[in-house]
Protein chains: 2
Amino acid sequence: MNVAGKHYRAVWLDGPQVWMIDQNRLPFYFEIRNAPTHVETARCIREMTVRGAGVIGAAGGFGMAQAFLEDEGREHVDRARETLESTRPTAQTLYYAVRRVHRRGVEAGPEAAAREAQAIADEEIGFCREIGRHAEPLIRDGMKILTHCNAGWLASVDYGSVTAPIYRAKERGKKVFVWVSETRPRAQGGRLTAWELRNEGVPHAVISDTVPASLMARGEVDVVMVGCDRVAANGDVANKVGTLDLAILAKEFGIPFYVAAPPSAMDFNCPSGEGIPIEERPQDEILYQAGLTDEGRVERIRVVSPGSGAFNPAFDMTPARYITGIITPEGVFKPGDFPRPR
Amino acid sequence: MNVAGKHYRAVWLDGPQVWMIDQNRLPFYFEIRNAPTHVETARCIREMTVRGAGVIGAAGGFGMAQAFLEDEGREHVDRARETLESTRPTAQTLYYAVRRVHRRGVEAGPEAAAREAQAIADEEIGFCREIGRHAEPLIRDGMKILTHCNAGWLASVDYGSVTAPIYRAKERGKKVFVWVSETRPRAQGGRLTAWELRNEGVPHAVISDTVPASLMARGEVDVVMVGCDRVAANGDVANKVGTLDLAILAKEFGIPFYVAAPPSAMDFNCPSGEGIPIEERPQDEILYQAGLTDEGRVERIRVVSPGSGAFNPAFDMTPARYITGIITPEGVFKPGDFPRPR
């Protein structure tokens, strides 16, 4: 993805250091941050300097490679694996990448671990490109697409899972319009997806998370497309909280509801969504919001009445019955019918 | 309603002046503001210094009385009526009150107009008390109630329509818990309802507007209760945007969905919800948010990526088929079956 004419990935490994776009500073500041150790990389995942299933996975893999490169023995890398896996509980990509790099490093050493982590990041980008190829025909000329949270390149190393077909449709001359749900509490829709779409020149408008039903009732939504953090074997999907709300509304209005899912998000060991742990995050994410003052400072303000508390589950689980199709790099499948790993 | 030991209404008339709690300053500052002329009262309604259907109606009636008290002839009061009616398009209470005071003032002069406006405000409070009496039995001990926006005393002069039964249930020793949806963009749930419930000592938690479906799926919502801005003859309801989303979700999960409606909100001239105008408000309400900095200043910050726009319908329309019952001062009725005015 290009930012001001220069190509960036959302996260990358350079020697023993992990570099990343600081997503907590976007869209008001574009800053690159580095994590010199696996401990710092874990902190960046936990604090959501990087976020989004694909990027959490890539960063986790890079962090695991860092632990091998730190060269302090088997116990060190085993502890590092625990540290990295404990950062965020819901995204399957994290476990997928950390375990794969750990296994490779134990077998073949630090340099092999680093190459494996790099391969995972590269594969994630390839997945998005293939998802874009398969999903682009779902987008007809003139369609209005509703998306939630950020399943763009910032969540997927590069290209994006939900954004890939949108960019591809636009490249092929189709007129597209994207409704971007704000996605409170962290507002990744209003902050990140809007920023990406504006950089790419895709027409869009941000809506409050209270608006989807009335847009659907007015016939203003042709398709809903979201990403995912984990897909169970039966096709149940964990994704950003609010996804279940949109899936139920889409079904009520007869609007197709698609989930874009790279293979790294598939958890065939998890028979149904009931088994997916849902992360509960600090209530301050609801009570406070950060943004840009008129003077150009980023300031944190309290937006909820002082003295009141909040409940903040970060994800929800959408049962397969609400999902029209799961878009994978190998094609679009009915939930539960997608191909098992070879 | 008591604030720091002193009783307040949300809006009141004192001689020729309208006084009101500035709801744009809540919950961070409790400030009383006065409107010395009907023009200023109209501005306060438009700028949402006062908001909520009941209070918009009361303020509109008081403003109409002010126009008569200004004593500048028939043309002046007719123009004032237009000014007041043009402030907000969706709440039926506004037209109800303005027309009633206008009619009375034309018949019987300024003092009669002022008494009529006062009667409307007093009736609104009586309506809430009766709604509380009828709806309290719907709340069983231990129930978790989800509400949206603010249908409390700040929206209803005093007592509140949705809050009345909650306060009454609590007084009668029932354990209640309220989920308060933030209600972006203006966050009347997180700012006003949370503030009211905290003042009254009612246990509650604020949630993002993305959380209702997952709460319902977890069995954490026993009943949904919302207010309304207008009810059509067939029982379709216009209320704060996001109400339709909650009604559809409640139906999907088999959760009762009630609307509290004073007679001033009933529009028997409007056969169905299709005829209710939906106000579209400035996109800045989505792009910016105001709140309290750590230093105690109220600051406005941009929360959406700069350069992106927004779409901001303030209300939505919930078809009668999603509504379990409409709670009126005369009892709880199936939508469309409520009694016509005598």
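**Confidence**

The model is predicted, with an ipTM of 0.95 and a pTM of 0.96. For chain A the average pLDDT is 96, and 99% of its residues score at least 70.

**A buried helix in chain A**

Helix H9 of chain A spans residues 243-252, and eight of its ten residues are buried, so the helix is largely enclosed by the rest of the structure. The buried positions are A:Thr243, A:Leu244, A:Asp245, A:Leu246, A:Ala247, A:Ile248, A:Leu249 and A:Ala250. Just after this helix, A:Gly254 adopts a positive phi of about 70 degrees.

| Helix pair | Axis approach | Crossing angle |
|---|---|---|
| H2(B) (residues 53-69) and H5(B) (residues 110-135) | within 8 Å | roughly 170 degrees |
| H1(B) and H3(B) (residues 74-85) | within 10 Å | roughly 10 degrees |

Because angles over 145 degrees count as roughly antiparallel, H2(B) and H5(B) are roughly antiparallel to each other. On the H2(B) side, the contact is made by B:Gly54, B:Ala58, B:Gly61, B:Phe62, B:Ala65, B:Phe68 and B:Leu69. Their partners in H5(B) are B:Pro110, B:Glu111, B:Ala113, B:Ala114, B:Ala117, B:Gln118, B:Ala121 and B:Glu124. By class, the residues of this contact comprise ten nonpolar, three polar and two charged.

For the other pair, the crossing at roughly 10 degrees makes H1(B) roughly parallel to H3(B). Here B:His38, B:Ala42, B:Ile45 and B:Arg46 of H1(B) meet B:His76, B:Ala80, B:Thr83 and B:Leu84 of H3(B). This contact consists of four nonpolar, three polar and one charged residues.

**The surroundings of B:Ile45**

B:Ile45 belongs to helix H1 of chain B, which covers residues 38-46. Its relative accessible area is 0%, and the residue is therefore buried. Leaving aside residues up to four places away in sequence, B:Ile45 touches B:Val50, B:Ile56, B:Ala59, B:Gly60, B:Leu84, B:Thr87, B:Arg88 and B:Leu94. One of these, B:Leu84, also takes part in the contact of H1(B) with H3(B). The C-alpha atom of B:Ile45 is separated by 9.5 Å from that of B:Gly57, twelve residues apart along the chain.

**Strands of chain B**

In a regular strand, side chains alternate between the two faces of the sheet. S3(B) pairs with strand S4 of chain B (residues 17-21) in the antiparallel sense over four bridges. Within this pairing, B:Val11 stands opposite B:Met20 of S4(B). The hairpin formed by S3(B) and S4(B) has two residues between the strands, and B:Gly15 takes a positive phi near 60 degrees there.

Chain B also contains an open sheet of four strands in the order S13-S10-S11-S16, with mixed pairing. Its edge strands are S13 (266-267) and S16 (315-318), each of which pairs on one side only. Strand S10(B), residues 230-232, pairs with S13(B) in the parallel sense over two bridges. In that pairing, B:Ala232 stands opposite B:Asp267 of S13(B).

Conventions:
Residues are numbered from 1 along each chain as its sequence is written. Chains are lettered from A and ligands numbered from 1 in the order in which they are written. This is a predicted model: local features need pLDDT of at least 70, side-chain atom pairs count only at pLDDT 80 or more; totals for chains, interfaces and linings use all residues. Side-chain values use heavy atoms; hydrogens and water are left out. pLDDT is the predictor's confidence in each residue, from 0 to 100. Buried means under 20% relative accessible area, exposed over 50%, partly exposed in between (1.4 Å probe, protein chains only). Two strands pair if DSSP finds at least two bridges between them. Axes are lines fitted to C-alpha atoms, for helices over the stretch in contact, and angles run from 0 to 180 degrees between N-to-C directions. Angles under 35 degrees count as roughly parallel, over 145 as roughly antiparallel, 65 to 115 as roughly perpendicular and the rest as oblique. Contact means heavy atoms within 4.5 Å. Ala, Val, Leu, Ile, Met, Phe, Trp, Tyr, Cys and Pro count as nonpolar, Asp, Glu, Lys and Arg as charged, and the others, Gly among them, as polar.
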